[in-house]
Amino acid sequence: PPAQGGAHDVHFNRGVTGQRFARLYPDAESQGRRDEDQWAWLSHGLEEALLTFIKGAQLGWCLYGALYEAHYLPVMRAFAEAHRRGVCVDLVVDWKAGYWSEERRVWTQRGPQHLNMWACDEAGLLAAGF
């Protein structure tokens with residue numbers, strides 16, 4: 001369980017690649033989407049705590065984030081809504097540009113930058129100057 005009750009809380013989600021997830025949900029990959037039980041197990045309280053914290057941000061607060069995978073839309077929308085409420089939101093997001101490889105004759109993608117860009121745009125963060 002998360003460490004709670006002090007000045008700070010610490011939360012970790014669980015990964016889908018773990019053996020425990022595969023044992024608990026053997027049909028998860030064939031379903032094509034996660035059901036509520038699977039999401040709750042994977043989140044391990046992180047999603048709920050993060051969204052509650054962002055939604056509770058008040059004027060005078062500043063939310064700082066350094067995000068490699070910034071494409072989970074509920075969180076990006078919460079950051080955008082906090083910004084619209086006047087909360088300072090300062091995010092560093094993976095944005096490495098892909099490039100054309102003459103040798104391989106394909107476009108390379110070196111990270112989740114395209115998903116990050118689409119999520120930031122969908123959440124309204126790009127229009128807000130992020």
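Leaving aside neighbours within four places in sequence, which residues is serine 101 in contact with?

1. **Before you start.** This is a predicted model, in which local features need pLDDT of at least 70 and side-chain atom pairs count only at pLDDT 80 or more, while totals for chains, interfaces and linings use all residues. Residues are numbered from 1 along each chain as its sequence is written, and side-chain values use heavy atoms, with hydrogens and water left out.

2. **Serine 101.** To take up the opening question, serine 101 is in contact with Val106 and Thr108, once neighbours within four places in sequence are left aside; contact means heavy atoms within 4.5 Å. You will find serine 101 in strand E3 (residues 99–101). Helices (H or I, at least four residues) and strands (E, at least two) are DSSP runs, numbered from the N terminus. With a relative accessible area of 10%, serine 101 is buried. In this note, buried means under 20% relative accessible area, exposed over 50%, and partly exposed in between (1.4 Å probe, protein chains only).

3. **Helices H4 and H5.** Two packed helices are described by the angle between their axes and the distance between the axes. Here the axes of H4 (residues 46–55) and H5 (residues 73–84) come within 9 Å and cross at roughly 10°, which means that H4 is roughly parallel to H5. The axes are lines fitted to C-alpha atoms, for helices over the stretch in contact, and angles run from 0 to 180 degrees between N-to-C directions. Angles under 35 degrees count as roughly parallel, over 145 as roughly antiparallel, 65 to 115 as roughly perpendicular and the rest as oblique.

4. **What lies between those helices.** From H4, Glu47, Leu50, Leu51 and Ile54 meet Pro74, Val75, Ala78, Phe79 and Ala82 of H5. Sorted by class, the contact of H4 with H5 has eight nonpolar residues, no polar ones and one charged residue. For these classes, Ala, Val, Leu, Ile, Met, Phe, Trp, Tyr, Cys and Pro count as nonpolar, Asp, Glu, Lys and Arg as charged, and the others, Gly among them, as polar.

5. **Aromatic pairs.** Rings of Phe, Tyr and Trp (its six-membered ring) pair if their centres lie within 6.5 Å; planes under 30 degrees apart count as stacked, over 60 as edge-to-face and the rest as tilted. The count by this rule comes to four aromatic pairs. One of them joins phenylalanine 21 and tryptophan 41 in a tilted arrangement, 5.7 Å centre to centre with 40° between the planes. This pair links distant parts of the chain, with phenylalanine 21 in helix H1 (residues 19–24) and tryptophan 41 in helix H3 (residues 36–43), 20 residues apart. Phenylalanine 21 counts as buried at 2% relative accessibility, and tryptophan 41 counts as buried at 16%.

6. **A second tilted pair.** Tryptophan 39 and tyrosine 72 also form a tilted aromatic pair, 6.0 Å centre to centre and with 45° between the planes. Again the pair links distant parts of the chain: tryptophan 39 is in helix H3, and tyrosine 72 is in the loop between strand E1 (62–67) and H5, 33 residues apart. Tryptophan 39 counts as partly exposed at 36% relative accessibility, and tyrosine 72 is partly exposed at 33%.

7. **Around tryptophan 41.** Ring pairs link Phe21, Tyr25 and Trp41 into a cluster. The charged end of arginine 14 sits over the ring of tryptophan 41, 4.5 Å from its centre. That label applies if NZ of Lys or CZ of Arg is within 6 Å of the ring centre and within 35 degrees of the ring normal.

8. **Aspartate 94 and glutamate 69.** Their C-alpha atoms are separated by 7.1 Å, although glutamate 69 and aspartate 94 are 25 residues apart along the chain. Aspartate 94, in the loop between strand E2 (88–93) and E3, is buried at 11% relative accessible area. Glutamate 69, in the loop between E1 and H5, counts as exposed at 56%. Not counting residues up to four places away in sequence, glutamate 69 touches Pro112 and Asn116, and aspartate 94 touches residues including Leu67, Tyr68, Pro112 and Asn116.

9. **Two backbone angles to look at.** Most residues other than glycine have a negative phi. Histidine 44, in the loop between H3 and H4, has a positive phi of about 55°. Arginine 105, in the loop between E3 and strand E4 (106–108), has a positive phi of about 60°.
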